[in-house]
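Dear colleague,

I am handing over a structure that I was asked to look through, and my notes follow below it. Please keep it open beside the text as you read.

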Amino acid sequence: MRHFFAALCASILAAPAFAAIPHDGALGFQPAATRIAERIHFFHNDYVLWIITAITIFVSVLLVWVMVRYNRKSNPVSRKFSHNSLIEVIWTIVPALILVAIAGLSFPNLYYQDVVPNLDKIKTESAELLADGKSAEYERYTKNYFPDAAEKGFINVKAQGNQWNWTYSYPDIVDADGVALEFVSNAVHKGTPEDKQKYQDSTGRTNYDSLPRNLAVDYPMVIPAGRYIRYYTAAADVIHSWTVPAFGVKTDAVPGRLNEGWFLVDEPGVYYGQCSELCGIDHAYMPIEVRVVPQAQFDQWAQLMLAGDYEGAYSAVQTIAAIEPSTKLAANH
Ligand SMILES: [Cu+2]
């Protein structure tokens, strides 16, 4: 265990950037890295949790009251009535109102994360708010929509689930022949004593000990920070699910179907996830590693990958360069 922590600290310290990773004994969510995750955290921690707590306390008090007040000793002869219109109306309407209150906040969140934003609309709407001098509205608007990023357009990535690894494709990043960048991302296995040797022989790398088990991959998905990412999920064989907890993103990858979603990460760093749909014997060994890097570093990585220099590309994103002094999300950590 001590070695594990030492390795974990080493891996975190080696890269100055933030790493979203589960910790032993931790409680709650991983820190939110996207607006989607922030909204989910607020919905859960500051809203539904209070409602659940109130209901649980209320029901427990009722139970205790019934047990104490109406047991055979304190209430030997029970009354014979079986209906009460008022209480029946109350216990129908109040739970319905509670459900409406929950839905009222959860549906906008679902819609927000499900529907890929219209970037042109974001550009015009934000420009209109600014032109009309509505700075308060603009502030509120830019909490959920990001005009600067909208200017730059989407980065498209397709994540295809396979038994048992992921194939990432970047349809907009093409070589001279028009062939899109595509590569397979395999787990770095840490099970048998030979795994380390195998990893070192096939990649020539020396970082095996610093990699987290069942989370690190040989060739991670890389995306630029502060950009709208539109991702697609598909599957080659059975249903998988592309999931990164810190992004608040989980999308099933279904054979014969193309699902889509989006996210935008401000803070460069390493973000880990795992396939979240039982997909067979090696379900536990198809992790997801996303490296969020500044745009220049992303471009460099993409060029090296296109040129077939996978190891060069891998080392190009091992140390994640810092971005502007401190981003909005960095301040939260
Ligand atoms: Cu899977």
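Helices and strands are named here from DSSP runs, a helix having at least four residues and a strand at least two, and both are numbered from the N terminus. With those names, one place can be pointed out at once: Asn214 is found in the loop between helix H7 (194-203) and E5. The phi of Asn214 is near 60 degrees, which is a positive value in a residue other than glycine. Most residues other than glycine have a negative phi.

Please note that this is a predicted model. The chain has a mean pLDDT of 90, with 92% of its residues at 70 or more. Over residues 4-16, however, the pLDDT is below 50, and this stretch has 14 contacts in the model beyond near neighbours in sequence. Residues 326-333 also stay under 50 in pLDDT, and for them the model has eleven contacts beyond four places in sequence.

Domains

The domain assignment divides the chain into domain 1 (2-30 + 153-332) and domain 2 (36-114). The centres of domain 1 and domain 2, taken over C-alpha atoms, are separated by 41 Å. Seven residues from domain 1 and five residues from domain 2 take part in the contact. On the side of domain 1 that touches domain 2, five residues are nonpolar, two are polar and none is charged.

Annotated regions

The UniProt record, an unreviewed entry, lists "domain: Cytochrome oxidase subunit II transmembrane region profile" for residues 21-117. In the model, residues 21-117 are 67% helix and 0% strand, with 28 Å between the end C-alpha atoms. The record also places the feature "transmembrane region" at residues 47-68 and 89-112. Residues 47-68 are 100% helix and 0% strand, and their end C-alpha atoms lie 32 Å apart. Residues 89-112 are likewise 100% helix and 0% strand, and here the end C-alpha atoms lie 35 Å apart.

A further annotation from the unreviewed UniProt entry, "domain: Cytochrome oxidase subunit II copper A binding", covers residues 152-304. This span is 14% helix and 42% strand, and 22 Å lie between its end C-alpha atoms.

The five-strand sheet

In which order do the five strands of the open sheet stand? The order is E4-E3-E2-E6-E9, and the pairing is mixed. E4 and strand E9 (259-263) are at the edges and have a single partner strand each, so one side of each is left without a neighbour in the sheet. From one strand to the next, the twist averages 25 degrees.

Strand E2 (residues 154-162) and strand E3 (residues 165-174) run antiparallel and are joined by five bridges. Within this pairing, Lys158 has Ser169 in E3 as its bridge partner. The hairpin from E2 to E3 passes through two residues. Trp164 lies in that loop between E2 and E3, and the peptide bond from Gln163 to Trp164 is cis, with omega near -5 degrees. Most peptide bonds are trans.

E3 is also joined to strand E4 (residues 180-185), by six bridges, and the two run antiparallel. Tyr170 stands opposite Leu181 in E4. E3 and E4 form a hairpin with five residues between them. In its turn, Gly178 has a positive phi of about 85 degrees.

The four-strand sheet

A second topic is the open sheet of four strands, which has the order E1-E10-E11-E5 and mixed pairing. Why is one side of strand E1 (18-20) and of strand E5 (221-224) left without a neighbour in the sheet? Both strands stand at the edges, each with a single partner strand, so there is no neighbour on one side of each. The twist in this sheet averages 20 degrees from one strand to the next.

E5 runs parallel to strand E11 (residues 287-293), and four bridges join them. Helix H8 (residues 295-306) lies across E5 and E11 and runs at about 140 degrees to E5.

Yours sincerely

Conventions:
Residues are numbered from 1 along each chain as its sequence is written. This is a predicted model: local features need pLDDT of at least 70, side-chain atom pairs count only at pLDDT 80 or more; totals for chains, interfaces and linings use all residues. Two strands pair if DSSP finds at least two bridges between them. Domain bounds come from an automatic or database domain assignment. Two residues are in contact if their C-beta atoms, placed from the backbone, lie within 7 Å. Ala, Val, Leu, Ile, Met, Phe, Trp, Tyr, Cys and Pro count as nonpolar, Asp, Glu, Lys and Arg as charged, and the others, Gly among them, as polar. UniProt positions are given in the numbering used here, feature names are shortened, and annotations may be inferred rather than shown by experiment. Axes are lines fitted to C-alpha atoms, for helices over the stretch in contact, and angles run from 0 to 180 degrees between N-to-C directions. pLDDT is the predictor's confidence in each residue, from 0 to 100.
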